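Reader: I have a new structure to look at. Could you walk me through it, one feature after another?

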Amino acid sequence: MDHAADAHRTDLMTITRFVLNEQSKYPESRGDFTILLSHIVLGCKFVCTAVNKAGLAKLLGLAGETNVQGEDQKKLDVLSNEVFIKALISSGRTCILVSEEDEEATFVEPAKRGKYCVVFDPLDGSSNIDCGVSIGTIFGIYMMKDAHEPIVDDVLQPGKNMLAAGYCMYGSSCTLVLSTGNGVNGFTLDPSLGEFILTHPDIKIPKKGKIYSVNEGNAKNWDGPTSKYVESCKFPKDGSSPKSLRYIGSMVADVHRTLLYGGIFLYPADKKSPNGKLRVLYEVFPMSFLMEQAGGQAFTGKERALDLVPKKIHERSPIFLGSYDDVEEIKRLYSAEEKN
Ligand SMILES: O=P(O)(O)OC[C@H]1O[C@](O)(COP(=O)(O)O)[C@@H](O)[C@@H]1O
Ligand SMILES: [Mg+2]
Ligand SMILES: [Mg+2]
């Protein structure tokens with residue numbers, strides 16, 4: 001590193017500075033949230049390093065049952081789950097953790113307990129790992145309802161009660177997008193500093209977009225409004241240009257593009273999966289929270305996504321999220337069908 005040339009960079013807005021600045025706006029704050037977030041950020045850095053090495057490990061024959069040291073080589077999704085569980089418990093600020101990888105919620109032992117509940121998908125888009133396509137981690141943070149012995153109900157709250165949500169995308173760069181309920185900000189990891197730097201301040205999603213993003217292979221099982229909507233993206237009746245289709249199959253990457261470029265991401269219900277595929281707590285809610293904070297909308301086909309009250313921790317829901325006007329159109333089609 002050229003230290004002289006980099007001297008001017010010491011005024012960069014790192015995520016640590018950013019969160020401390022936010023904290024200073026609340027004089028009564030004891031910094032618990034800041035500490036929790038710093039543990040999540042550390043987890044993301046660990047997973048980013050593991051993801052970057054994954055291809056190499058495979059090439060060198062290290063990713064299998066055992067590595068050269070004779071240790072078990074863990075699959076990335078299992079490893080990522082362990083990283084976040086450890087990072088969150090060691091923060092001393094959490095009481096309940098819900099991970100996609102664990103059937104049951106994890107209750108933190110009293111000595112290490114704090115007041116936050118964290119829901120997360122440690123590695124999203126894991127089917128894309130072996131071909132090096134972008135994958136990510138998604139998280140949402142709730143406050144425990146009251147001071148009592150934690151119970152599962154503490155995480156079965158509507159998404160609008162989330163205090164914060166975000167994702168980290170492990171792609172051509174490592175990008176962390178965060179909202180603490182006061183807009184959306186994006187940070188990019190500078191590997192030379194090991195710090196996330198504010199690179200996308202106050203992200204606002206375009207009001208209308210030119211891209212739709214959906215697994216069209218499921219089209220034969222879609223319901224009327226979804227089919228009509230996708231048809232209108234391809235053959236618009238108002239004389240406008242057709243939308244482009246982009247679909248990666250990693251929710252983090254598809255939502256990130258939607259957030260920056262505008263448009264709509266949909267994982268609708270279909271005849272085979274009447275509740276869709278994506279999980280309410282750690283996929284639908286955090287992404288819907290971010291979309292609304294960026295000026296977009298998120299809809300389930302029946303209601304505002306963040307109004308949904310999950311009954312089970314791994315519950316699924318259809319989801320349509322993105323630019324305000326694009327989601328408005330799908331809402332119109334569903335309400336027209338209801339009236340018929
Ligand atoms: O392959 P499909 O059916 O289009 O599903 C893609 C969706 O499934 C997911 O991969 C599910 O996430 P996981 O990898 O965490 O299970 C989303 O990231 C993505 O939007
Ligand atoms: Mg996922
Ligand atoms: Mg996952």
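Author: Start with helix α4 (residues 76-90), which lies across β1 (94-99), β2, β3 (113-124) and β4 (135-143). α4 runs at about 165 degrees to β3. This is a predicted model: local features need pLDDT of at least 70, side-chain atom pairs count only at pLDDT 80 or more, and totals for chains, interfaces and linings use all residues. Residues are numbered from 1 along each chain as its sequence is written, while chains are lettered from A and ligands numbered from 1 in the order in which they are written.

Reader: How do I read those names and angles?

Author: Helices (H or I, at least four residues) and strands (E, at least two) are DSSP runs, numbered from the N terminus. Axes are lines fitted to C-alpha atoms, for helices over the stretch in contact, and angles run from 0 to 180 degrees between N-to-C directions. Two residues are in contact if their C-beta atoms, placed from the backbone, lie within 7 Å.

Reader: Which strands does helix α7 touch?

Author: Helix α7 (residues 280-293) packs on the sheet and touches β1, β3, β4, β5 (164-170) and β6. The direction of α7 makes about 80 degrees with that of β4.

Reader: In what order do the eight strands of the open sheet stand?

Author: Strands of a sheet pair through backbone hydrogen bonds, either parallel or antiparallel. Here two strands pair if DSSP finds at least two bridges between them. The order is β2-β1-β3-β4-β5-β6-β7-β8, with mixed pairing. β2 (106-107) and β8 (195-200) are the edge strands; each has a single partner strand, so one side of each lacks a neighbour in the sheet.

Reader: How many bridges join β6 and β7?

Author: Four bridges, in the antiparallel sense, between β6 (residues 174-179) and β7 (residues 185-190). Leu176 has Phe187 in β7 as its bridge partner, and Thr175 has Thr188. Next, β7 and β8 run antiparallel, joined by five bridges. They also form a hairpin, with four residues between them, and Gly194 in the turn has a positive phi of about 65 degrees.

Reader: Which residues of the largest nonpolar core touch the most other members?

Author: In soluble globular proteins, nonpolar side chains tend to be buried together. A nonpolar core is a set of buried Ala, Val, Leu, Ile, Met, Phe, Trp, Tyr and Cys residues joined through C-beta atoms within 7 Å. A residue is buried if 20 or more other C-beta atoms lie within 10 Å of its own, exposed if 12 or fewer, and partly exposed in between; C-beta atoms are placed from the backbone. The largest core has 91 residues, and Val98, Val118, Val119, Val155, Leu176, Leu290 and Leu321 touch the most other members. Helix α3 (residues 32-59) gives the largest share, ten residues.

Reader: What is the bridge partner of Ala298 in β13?

Author: Leu321. β12 and β13 (residues 319-322) pair in the antiparallel sense over three bridges. They belong to an open sheet of five strands, in the order β10-β9-β11-β13-β12.

Reader: Is α6 mostly covered or uncovered?

Author: Helix α6 (residues 251-261) is mostly covered, with nine of its eleven residues buried. Among them are Met251, Asp254 and Arg257. Gly262 follows α6 and has a positive phi, near 90 degrees.

Reader: Why does Glu216 count as partly exposed?

Author: Because Glu216 has 13 C-beta neighbours inside 10 Å. Glu216 sits in the loop between β9 (211-213) and α5 (224-234).
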